[in-house]
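Biologist: I am new to this structure. Please take me through it by question and answer.

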Amino acid sequence: MDLFSTSAYLAIKTNMLYDALGVPNIGMEFSLGKRWSIAAYWMYAWWNNNHHHNYWRIYGGGISLRKWFGKASKVKPLQGHHLGINAQAFTYDFEVGGKGYMAGIPGGTLLDRTSYAVGAEYGYSLPIAKRLNIDFSVVAGYMGGRYYEYEPLDGPYVWKATKNRHWIGPTKAEVSLVWLLGHGNYNNKKKGGDK
């Protein structure tokens, strides 16, 4: 019996690392069959304090194509080890009372010179309850995009420099709480999957 073709396997998740940094986020993952899945997420935070010019703005999202392997992934989709390819698009504005760093065109949208990242992903999804997993993963690759350095004064912002980012290294870390949805998509303590 092919579990991958007879049931719909879906997971809703939130990256607890982003949550801890004050960046609400939500993601979904679908099993595609043959131990493949596709995952997507969106994050959005816009915190500011105009009196002190303290900003913490970030929004954007990403998508991953994953291949699951190992003994657990043979029992049920969306558990065990996974390798994948990840792509992200995002913008940000970090400034906490000193020099600020803003990605994208000031006043623009996500599509106006967004920052982006692509990389290879490794992870492991650990069952912790009947319908809950914790998914640990890390992505390493390339991150690029234009960003602006500025200094906030008493009202206006003084633009200091326009730079292009070229980063090779870790581009994403994930410790996600995963809620398993769908008929038969639950963890069994004895077998690690369906009864």
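Modeller: This is a predicted model. The chain averages a pLDDT of 86, and 85% of the residues score at least 70.

Biologist: Which element of the chain has the lowest mean pLDDT, and which the highest?

Modeller: The mean pLDDT is 97 for strand β1, residues 10–15, which is the highest among the elements. Residues 1–6 stay under 50 and have 10 contacts beyond four places in sequence. The pLDDT is also below 50 over residues 191–195. The highest mean belongs to β1, and the lowest, 42, to helix α1 (residues 3–6).

Biologist: Which residues are in contact with Tyr18, leaving aside its neighbours within four places in sequence?

Modeller: With its neighbours within four places in sequence left aside, Tyr18 is in contact with Val23, Asn25, Tyr41, Met43, Gln88, Lys172 and Ala173.

Biologist: How many residues apart in sequence are the parts tied together by Arg66 and Glu121?

Modeller: Arg66 and Glu121 form a salt bridge, with the closest N and O atoms 2.5 Å apart. Arg66 is in strand β4 (residues 54–69) and Glu121 in strand β7 (residues 115–129), so the pair ties together parts separated in sequence by 55 residues.

Biologist: Is Glu174, which meets Arg66 in a salt bridge, buried or exposed?

Modeller: The N to O distance between Glu174 and Arg66 is 3.3 Å. Glu174 lies in strand β9 (residues 157–181) and Arg66 in strand β4, 108 residues apart. Buried means under 20% relative accessible area. Arg66 has 1%; Glu174 has 5% and therefore counts as buried.

Biologist: Where is Lys34, a residue other than glycine with a positive phi?

Modeller: Phi of Lys34 is near 55°, and that of Arg35 is near 65°. Lys34 counts as exposed because its relative accessibility is 63%, while Arg35, at 23%, counts as partly exposed. The place of Lys34 is in the loop between β2 (25–33) and β3 (36–49).

Note on methods: Residues numbered from 1 in each chain as written. Predicted model: local features only at pLDDT ≥ 70, side-chain atom pairs only at ≥ 80, totals over all residues. Heavy atoms only, no water. Helix = DSSP H or I, 4+ residues; strand = E, 2+ residues; numbered from the N terminus. Buried < 20%, exposed > 50% of the residue type's maximum accessible area, 1.4 Å probe, protein only. pLDDT = per-residue confidence, 0-100. Contact = heavy atoms within 4.5 Å. Salt bridge = Lys/Arg side-chain N within 4 Å of Asp/Glu carboxyl O.
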